[in-house]
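Trainee: I have a chain open on my screen and would like to go through it. Can we start from the overall fold and work down to single residues?

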Amino acid sequence: MSLIISHYNNFFNVKGTLDKKSVIEFQNQFENVFEKLQSVTISIEELDSIDKFGVMALAKLHNESLLKKKQLSIVGFGCKDLYDHFKTNDAA
């Protein structure tokens, strides 16, 4: 399944596969999002799979939110790799 991103106001639902093939589409959707919105919530509940490129795209978005002092929330039981990435970064 390809990547489908739907949104309402500042809530984005990401559905399908976030991998090397679809990461450009993801990055294009969220390019300059913090210029328009103060806070962003991304649901990964409907992600079927995510690879290291997808994890890095979410991490890049997280870093951008920190630099611009904006709020980013990633919600849902989507991917253990993503959880582990942010857990190890918080511990370091």
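Mentor: What follows goes from the fold to the sheet, then to the core, the rings and a few single residues.

Mentor: This is a predicted model, where local features need pLDDT of at least 70 and side-chain atom pairs count only at pLDDT 80 or more, while totals for chains, interfaces and linings use all residues. Residues are numbered from 1 along each chain as its sequence is written, and side-chain values use heavy atoms, with hydrogens and water left out.

Trainee: How many helices and strands are there in the chain?

Mentor: The chain has 4 helices and 4 strands. Both are DSSP runs numbered from the N terminus: helices are H or I with at least four residues, strands are E with at least two. Along the sequence the pattern reads β-β-α-α-β-α-β-α.

Trainee: In what order do the strands form the sheet?

Mentor: The order is S1-S2-S3-S4, in an open sheet with mixed pairing. Two strands pair if DSSP finds at least two bridges between them.

Trainee: Which strands stand at the edges?

Mentor: S1 and S4 (71-75) do; each has a single partner strand, so one side of each is left without a neighbour in the sheet. On average, neighbouring strands are turned by 20 degrees against each other, direction ignored.

Trainee: How many bridges join S1 to S2, and how many join S2 to S3?

Mentor: S1 (residues 4-8) and S2 run antiparallel and are joined by 5 bridges. S2 and S3 run parallel, with 7 bridges. Strands of a sheet pair through backbone hydrogen bonds, either parallel or antiparallel.

Trainee: What is in the hairpin of S1 and S2?

Mentor: There are 2 residues between the strands, and Asn 9 takes a positive phi near 55 degrees. His 7 stands opposite Phe 12 in S2.

Trainee: Which strands do the helices H1 and H3 lie against?

Mentor: H1 packs on the sheet and touches S1, S2 and S3, with its direction at about 170 degrees to that of S2. H3 lies across S2, S3 and S4 and runs at about 170 degrees to S3. Such axes are lines fitted to C-alpha atoms, for helices over the stretch in contact, and the angles run from 0 to 180 degrees between N-to-C directions.

Trainee: New topic. Which residues in the largest nonpolar core touch the most other members?

Mentor: Of its 20 residues, those are Phe 26, Phe 30, Val 40, Ile 42 and Leu 61. The elements giving two or more residues to this core are S2 (11-18), H1 (23-30), H2 (33-36), S3 and H3 (52-67). S3 gives the largest share, 5 residues.

Trainee: What counts as a core, and what does buried mean?

Mentor: A nonpolar core is a set of buried Ala, Val, Leu, Ile, Met, Phe, Trp, Tyr and Cys residues joined through side-chain atoms within 4.5 Å. Buried means under 20% relative accessible area, exposed over 50%, and partly exposed in between, using a 1.4 Å probe and protein chains only. Buried residues make up 36% of the 92 residues here.

Trainee: What does Ile 42 touch?

Mentor: Leaving out residues up to four places away in sequence, its contacts include Phe 12, Phe 26, Phe 30 and Leu 61. Contact means heavy atoms within 4.5 Å.

Trainee: How many aromatic pairs are there?

Mentor: The structure holds 2. Phe 12 and Phe 30 form a tilted one, 4.8 Å centre to centre with 55 degrees between the planes. Phe 12 is in S2 and Phe 30 in H1, 18 residues apart, so the pair links distant parts of the chain. Phe 26 and Phe 30 have ring centres 4.7 Å apart and planes at 45 degrees, so that pair is tilted. Rings of Phe, Tyr and Trp (its six-membered ring) pair if their centres lie within 6.5 Å; planes under 30 degrees apart count as stacked, over 60 as edge-to-face and the rest as tilted.

Trainee: Where are Phe 26 and Phe 30 in helix H1, relative to each other?

Mentor: They are 4 residues apart, which means a separation of about one helical turn. Phe 26 and Phe 30 are buried, and ring pairs link Phe 12, Phe 26 and Phe 30 into a cluster.

Trainee: Last one: is Ser 65 buried or exposed?

Mentor: Ser 65 has 2% relative accessibility, so this residue counts as buried. Ser 65 lies in H3 and touches Phe 34, Lys 70 and Leu 72, not counting residues up to four places away in sequence.
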